[in-house]
Amino acid sequence: MHETHDVVGNDSLPSSPAPGRRSFFRILTGGLSAVASLVVAAPLVEYLFGKRTREIPWAPLGALQDFPLDETRQVTFDNPIRQPWDGLVSRVSVYVRNEGQDAAGEPRFLVLAVNCAHLGCPVSWFPQSGLFMCPCHGGVYYADGERASGPPPRGLFHCVWRVRAGRLEIQAPHYPTLQDTLDEPA
Amino acid sequence: MKNLLKSLGRWFDVRLSFSESLLPVLRHPIPRGAAGPMGWWYVFGSASMTLLLLQVLTGIGLALVYVPSADRAYESLLWLNYEQPLGWFLRALHYYAGSGMVVMVLAHMTQVFLHGAYKYPRELTWCAGVVLLLCTLGMFFTGQVLRWDPDAYWGLAVGGSMAGRVPGAGPQLVRLLLGGEVIGGDSLSRFFSLHVFVIPAALVIALAVHLWLVLKCGVNAPPAPGRGVNPKTYHAEYEEELKRGVPFFGDALLKDVFFSALAVIAVVALAAVLGPKGPTDPPDPTLGGANPRPEWPFLWLFALLSLSPPDAETFIILVFPLLLIAALFLVPFVSNRGERAPSRRPVAVLSVIVIYALFGALTYEGATSPWSPEMTAWSGAAIPERLVEASSPVELQGAAVFQNKSCRNCHALDRVGGRRGPDLSRVGARLTRDQLIDQISNGTPGGGNMPAYGKQISPAEMSVLVAFLSSLRPEGQSAAAESAK
């Protein structure tokens, strides 16, 4: 009975507004809630998945004469991609090989990340056998970084290098993975 | 006095309605069988919960001292181990109670599976239980990272490389996992949040659902052969069963308390005797000899992917665990009626035996990891004297080449050295000189397990090495080449 009363349009009852007003209020509440969820969710998603865009910094590895011809040297440096509170873990190693000069007389270097292309473990250089070996699953690479044997699906990751004022520099390396390498970042 | 207490109790009860809500829960009847000797099978769930409580207590204790910052975490762990009174014990207890929790959850699941307790109407109880298993394993995995030693660092590296294999979304997933472009402070904070906030919240919610469903569906009666589950008659039968039931809160709970106390004493004893786990070296990525091992609940997966052919690897890393989880969720939907007694369900019993045997074997393989080279064997493991006491100078030269070229890292002599390749103590009787040269120069055909040494070795080195290798044969046995003629 009460309901029909409403439909007839007794607007004077404050507890039972007209259906038009009620459905409007319903839609309004739904819309407001949706907006409220969105303005919270969007920044959270961006916070979680957003990528800081900035130029990749360069890290100095040492003077050119520190790298004898055709020898592989392990170089440790402080990765410029770091948090101030990273501590020891920002210490990164790469393998540097001086490959002499190209046809134009420019120096040629090979700078390899230590991370095995299989699952990222650090490879060790064995100068006597001229091989890199991975301690985890036995991936082996030649001195030029190409895959020699074992489970790795490719050779070692190449760092991007340049020579500035007689010093060898590399682009600060991120953690390299198969689809996000150092010379072809994702 | 007594009257005062009574009226105080009434005052609270009017407001809290305990006598209407909690009391019936405590007094609700459970099947008589579950309170009898068969009740000993029912103790693993409550033991898991008791150990969870221990984890919460020790976890809060550790969080009072541990610093989740990449430059301080390691030091704070050492402080816990050596300076904080009984800090070492809390760390040890947190590790062994966590391990115990995994064991208890698995035992509970196995019991529920064998007794068919997941069948109608308890399908969702099982599913909530699977979520709890996943949360428990997630806690184990994230907890290992907080140990912030080289194992934690390289564990993150392996995790990152696995995530990086996901087609398309790989690089984004790596960044999400590591919290940035490198393994660093953000990675540690991320795993700290997961370990302390995210997964515990999920675990508590799943536990609440699990317990609510246990109360809602009632404790299952022990299985009896020939009395299977029929959804149409189940509820009437269960009601009938409860008429001769016993109260939940009372003697029925005694076995649970007894066993939980035993479990607590066991993990406390383990912690006191074995001490805290790690941290090993400082988290310096440039330290050589890293050889990350996953924690024991994940050794089977480590072994599985190490033993799998490279072609199947990405599948085993990315898809296989999901299939396994899906299979666990699907268990009650494959069969939710019929026989519950193990004696009438040979396939179920056999599956449990096969699964445990398989996981046990894989875990053993993972713990010994024969596929990993021994990185220090070339300089650290001497050639067994018996193999060279009668050697000619040329063969001795070859022995030196064998060590120098790091062959020993993968090939054992008299079982000392790497086990990735075969033990070569008798290779002279097996391979001719030509076969040896071919194997060394070209490695395993198609780029298998052995690298091609062709360019890594001079002709002189090759001839002395082959001389040494063909001298490796049991006494009195001629070289393979001669016996072939």
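Two strands pair if DSSP finds at least two bridges between them, where strands (E, at least two residues) and helices (H or I, at least four) are DSSP runs numbered from the N terminus. In this predicted model, local features need pLDDT of at least 70 and side-chain atom pairs count only at pLDDT 80 or more, while totals for chains, interfaces and linings use all residues. Residues are numbered from 1 along each chain as its sequence is written, and chains are lettered from A and ligands numbered from 1 in the order in which they are written.

**A hairpin in chain A**
- Strand 3 of chain A and strand 4 (residues 107-113) of chain A run antiparallel and are joined by 6 bridges.
- Within this pairing, A:Val94 stands opposite A:Ala113 in strand 4 of chain A.
- The hairpin has 5 residues between the strands, and A:Gly105 takes a positive phi near 85° there.

**Where the chains meet**
- In chain A, 46 residues are in contact with 57 residues of chain B, contact being C-beta atoms, placed from the backbone, within 7 Å.
- Strand 3 (91-101), strand 5 (124-126), strand 6 (131-133) and strand 8 (147-149) of chain A each give two or more residues to the side that touches chain B.

**Chain B**
- The domain assignment, automatic or from a database, gives domain 1 (1-25), domain 2 (31-368) and domain 3 (377-484) of chain B.
- The C-alpha centres of domain 2 of chain B and domain 3 of chain B lie 46 Å apart.

**Confidence in chain A**
- The pLDDT, the predictor's confidence in each residue from 0 to 100, averages 89 in chain A, with 91% of the residues scoring at least 70.

How values were computed
Contact = placed C-beta atoms within 7 Å.
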